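Me: I have a structure open and want to go through it piece by piece. Can I ask you things as they come up?
Reply: Go ahead.

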Amino acid sequence: MRFKRLMTGALALAATGLLVTACSSKQKANSTGQVASKQVLNWSYLAELATLDPSKVSDAYSGDIINNSMEGLYRLGKNSKIEPGLATQTEVSDDNLTYTFKLRKNGKWSNGDKVTAHDFVYGWRRTVDQKTASPYAYLYSGVKNADAIIKGEAKPETLGITAKDEHTLVVTLEKPIPYFKLLLGFEPFLPQNQKAVEKFGDEYGTSAKTMVYNGPFVVEGWTGSNLNWKLNKNPNYWDKKKVKLETINFKVNKSTTTSYNLYQSKQLDYTTLSNEQAKQLAKDSAYSALKQARTTYLEFNQTKESFKNLKIRQALSYAVDRQELAKNIVGGGSQPSLGIVSQGLAQYKGQDFAQAAKTTVGVSYDKKKAKELLKEGLAELGQDKLSFTLMSSDDDVSKKVAEFIQSQLEENLSDVKVSVQSVPLKTRIARGEKGDFDVQLSGWSADFADPISFLDLFTKDNSYNFGKWENAEYDRLIEASKTTDASDKAKRFADLIQASKVLSEQQGVAPLYQTNVPQLTNVTVKGLIQNSAGATNNWKEVYIVE
């Protein structure tokens, strides 16, 4: 998915100031290596869930839960590689326009229904239907008639997907999609049970009880707003023999101080860490730093006059010291952004894409230039000062990152006044979608290992382009990468590299840093798969040892 996602900023861990003892974690621990009789995992999240609806998910935490309680044609395995899910066989036509999938005959929903090809047809049609308002419908572009359906110019029933029989699914494309198979393990491409959707109506996916599941686990105890829930082993899952965990208990702790204390008292098996905690626990055998294909950035609401002005946007960007932010505030090995696409995601002719696309404009720290640009920008607007609100999520970490941005802007630009407003993740996403913000601390986690997962976001009509930035040349380059140049890897990557440069130079957004997540995972936890792109955690084959 990864996959997406809208980051909370919480994954970009900042210092909380908590000092931990120099000794190793209490859970460093002696382990016999023998499988424990009690297979229960206790996990901490930094933010609440937003939805369980595969068509409407847009955040990383909900995506994690959906990907462990649902299953599509493929699953995301180790190193973001796809592996078989419900598809046992895939045939691709010579022109790469027709995909035929043979499905398992023992797939079953938690309500007892069989999982069939018709569930994929229904789920895909529902996602592209304008009535659903799926934020990820745009990823269907290239599937026959998808663009017309999304625009309301064709009916969902004309989408290029058919059930030849209960266990044979045929997908027809209008053009080759180089990363098509990578999409098929992602939430918006999951099957959906029509009976359940129609039964629950508008409540579908808004709580654990208004959802059905076909993956390794089922969700229990999530009411739609609470901060505790469970994943329990799904007795109807076709591959249940490989699922060892009976229960995963989740608790939202927006403070890493709290979650670390719970970890120390053995009430948690996993916690993320602040920068200060990470420094002191780096030698602990339970410590690791998860490299993420995630970029945190400032998003400007360009429906507002101040942020329509390029010089204003550039001034704010130049005023932020990304080295200081990444090293001393975020920490954990996080890196200043070279551009919107994270480092290590993809290569171009043996060179990292982010290195090939990097610019000095858009991601550099230069106080003098910031002041000059602000003065020029304010003059063009006929203003003497600039005041705005920076919105962030309300966990401790996001607030500290936002406060650092606030201090940088006000210290380096005397004519700028910034107010920080911290709100729950669910609220921030909703307000972002409505354009109800001035500037927001936002971010993205790659849904799959291709630069387009980042670059698609900022095309004119993309549902995630909350700031409403527009650039005709950028849109042309992205379109070329998907059409005329889609089958020519060199031309396609050249399009994407140029598009990334345009985004930086025109300051569509202001990339800040790429996240590494410092974390503690109890050494008794085995078999965990964590990925940089897509769904972060795969708990399917996790088990606990004594």
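Me: How many salt bridges does the structure hold?
Reply: The structure holds 16 salt bridges. A salt bridge here is a side-chain nitrogen of Lys or Arg within 4 Å of a carboxyl oxygen of Asp or Glu. Keep in mind that this is a predicted model, in which local features need pLDDT of at least 70 and side-chain atom pairs count only at pLDDT 80 or more, while totals for chains, interfaces and linings use all residues. Residues are numbered from 1 along each chain as its sequence is written, and side-chain values use heavy atoms, with hydrogens and water left out.

Me: Ok, which residue does aspartate 394 meet in a salt bridge?
Reply: Lysine 254, at 2.9 Å from N to O. Aspartate 394 is in the loop between strand 16 and helix 13 (396-412), and lysine 254 is in the loop between strand 10 and helix 6, so the pair ties together parts that are 140 residues apart in sequence. Helices (H or I, at least four residues) and strands (E, at least two) are DSSP runs, numbered from the N terminus.

Me: And is lysine 254 buried or partly exposed?
Reply: Partly exposed, at 21% relative accessibility. The cut-offs are under 20% relative accessible area for buried, over 50% for exposed, and partly exposed in between, with a 1.4 Å probe and protein chains only.

Me: What about lysine 311, what does its side chain meet?
Reply: Lysine 311 forms a salt bridge with glutamate 376 (3.3 Å, N to O). Lysine 311 belongs to helix 9 (residues 310-318) and glutamate 376 to helix 12 (residues 367-381), so this pair ties together parts that are 65 residues apart in sequence. Lysine 311 has a relative accessible area of 25%, which makes it partly exposed. Glutamate 376 is partly exposed too, with 38%.

Me: Where does lysine 385 lie, and where is aspartate 415?
Reply: Their side chains meet in a salt bridge of 3.5 Å, N to O. Lysine 385 lies in the loop between helix 12 and strand 16, and aspartate 415 in the loop between helix 13 and strand 17 (416-423), so parts that are 30 residues apart in sequence are tied together. Lysine 385 is exposed, at 53%, whereas aspartate 415 is partly exposed, at 29%.

Me: Which residues do salt bridges that share partners join into one network?
Reply: Glu48, Lys254 and Asp394.

Me: What does strand 12 pair with?
Reply: Strand 12 runs antiparallel to strand 19 (residues 509-521), with 10 bridges joining them. Strand 12 also pairs with strand 18 (residues 439-445) over seven bridges, again in the antiparallel sense. Two strands count as paired if DSSP finds at least two bridges between them.

Me: Which residues does threonine 296 sit across from?
Reply: In strand 19, its bridge partner is tyrosine 513. In strand 18, threonine 296 stands opposite glycine 443. Arginine 294 also has a bridge partner in strand 18, namely serine 445.

Me: And strand 18 itself, which residues cover its two faces?
Reply: Val439, Leu441, Gly443 and Ser445 are on one side, Gln440, Ser442 and Trp444 are on the other, and all are buried.

Me: How does strand 16 run relative to strand 18, parallel or antiparallel?
Reply: Parallel: two bridges join strand 16 (residues 386-393) to strand 18. Methionine 391 has glutamine 440 as its bridge partner there.

Me: Last topic, backbone angles. What is phi of glutamine 507?
Reply: Phi is positive, about 50 degrees, although glutamine 507 is not a glycine. Most residues other than glycine have a negative phi. Glutamine 507 lies in the loop between helix 17 (489-505) and strand 19, and is buried at 0% relative accessibility.

Me: And lysine 468, where is it found?
Reply: Lysine 468 is in the loop between helix 15 (452-455) and helix 16 (472-482). Its phi is near 60 degrees, also a positive value in a residue other than glycine. Lysine 468 is partly exposed, at 44%.
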